[in-house]
Amino acid sequence: MIISDHHKLAFIHIPKCAGTSLRQLLVPFDDQTNAFEGIHENHRWGGRIDLMHIPLAQLSRHFPNAYAKVAAYRSFAVVRDPGARFVSSLAEHLRYRTGKDLTQLPYELVRRTARKLSARLLEGAEPWRDPRLVHFQPQVDYVRHDGRQIVETLVPLEDVSRIPAMLDARYGVATGASALAHANRTLAGSETRKRFGTVPFRVRVLMRLRGLGLGAPAGDAVAERLADEAAVADLVTEYYKEDGMLHASARDAFAASLPHATPLRTPPALEKDAQA
C-alpha cells in the first residue's frame, strides 16, 4: 500500500494483481516510510501478518490513521478476473512450497493442492492470517469495508497500461515512467473480455495459463484438468462471486473513464509482474 499525503492519494495493493511493479513505481510518492512492508509478528492479530497485503478490515482495526487516509483520500486498486487470479495464486503457492513452476509438477500434486485449498477457503479460512495464503484473500476485502466501497477507482488488469495517464490526469502524479503500456500485454489477449460468469471456467483458466507463458501443450493440459475439478469451479463461482462482479463492473466503469488515454510502452519489470 502506498499513501501520499502530498497528493492525497492511496494505492491499495491487492495480491496477484500486478501490484509489485506498480508499487515500486509509486514508492517515491509514499509518505508512510515503507510502513506497510514485510511480515509482522503479532500474536494479538493472530500470528504472522503480511503488511503489504492487509485487507481494509484489519487496516481499520490496527492502523486507524492509515485507514482514515485511505477513506478520505482519492484511491485506486487493480482488480482481476477471479478464475485467472486463482490459477496465478495456486502457481505461486506451489512455487513457494516446491521451488518449481506449475507445469514442472506432477498433476496429482497440483490437483490435490487445488482441492485442499478450495475446501479450506469454502470452509471459512481467513487467508490474511497466513502470509503463505494471503494471495487467496478475496479482492473485495481490499476495496470494501462495512458495506461500502472505500477505494475510489478500480482498474481492471486488462487496462493497467492506462494507469500512467490516469495518475497524471486525475491526480497530478507524474511517475516519470516512459512506459507502462500493455503492462499485461500477454494478458490483453488472454484475460476474458466478457463479463464474469459468461465464459466457462475452463476457458478462463486456459486463457490465463497461456497468458502466464506456460504454453501448450503442457500448460493447456494442466488447465484442462484443473477446470474439470468441481471443487475449483465451485470456489471461483461461490467464494469469489463478489470478486467476479467487482471485476466486471470495474471494466465497464474504467472503459468509459479515460476515453482519450493513450497507452505507453511497458517497462519489462511491470510486464513480468503482470504475468505473475
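Q: In which helix is Ser 257 found?
A: This is a predicted model, and in it Ser 257 belongs to helix 11, which covers residues 241-257.

Q: Does Ser 257 count as buried, exposed or partly exposed?
A: The class follows from relative accessibility, where under 20% is buried and over 50% is exposed. Because its relative accessibility is 28%, Ser 257 counts as partly exposed.

Q: How far apart are Ser 257 and Met 166, in sequence and in space?
A: The two residues are separated by 91 residues in sequence, while their C-alpha atoms lie 9.1 Å apart in space.

Q: Where does His 135 lie, and why does His 135 count as buried?
A: His 135 is placed in the loop that runs between helix 5 (107-122) and strand 6 (144-145). Its relative accessibility is 13%, and therefore His 135 counts as buried. If neighbours within four places in sequence are set aside, His 135 is in contact with Pro 15, Lys 16, His 53, Arg 85, Ser 89 and Glu 92.

Q: At what angle do helix 5 and helix 10 pack, and is their crossing left-handed or right-handed?
A: Helix 5 packs with helix 10 (residues 230-239) at an angle of about 35°, the axes being 9 Å apart, and the crossing is left-handed. On the helix 5 side the contact is made by Ala 114, Arg 115, Ser 118, Leu 121 and Leu 122, and on the helix 10 side by Ala 231, Val 232, Asp 234, Leu 235, Glu 238 and Tyr 239.

Q: How many residues of each class does the contact of helix 5 with helix 10 have?
A: Sorted by class, this contact of helix 5 with helix 10 comprises seven nonpolar, one polar and three charged residues.

How values were computed. Residues are numbered from 1 along each chain as its sequence is written. This is a predicted model: local features need pLDDT of at least 70, side-chain atom pairs count only at pLDDT 80 or more; totals for chains, interfaces and linings use all residues. Side-chain values use heavy atoms; hydrogens and water are left out. Helices (H or I, at least four residues) and strands (E, at least two) are DSSP runs, numbered from the N terminus. Buried means under 20% relative accessible area, exposed over 50%, partly exposed in between (1.4 Å probe, protein chains only). Contact means heavy atoms within 4.5 Å. Axes are lines fitted to C-alpha atoms, for helices over the stretch in contact, and angles run from 0 to 180 degrees between N-to-C directions. A crossing is left-handed if the near helix is turned anticlockwise from the far one by less than a right angle, and right-handed if clockwise. Ala, Val, Leu, Ile, Met, Phe, Trp, Tyr, Cys and Pro count as nonpolar, Asp, Glu, Lys and Arg as charged, and the others, Gly among them, as polar.
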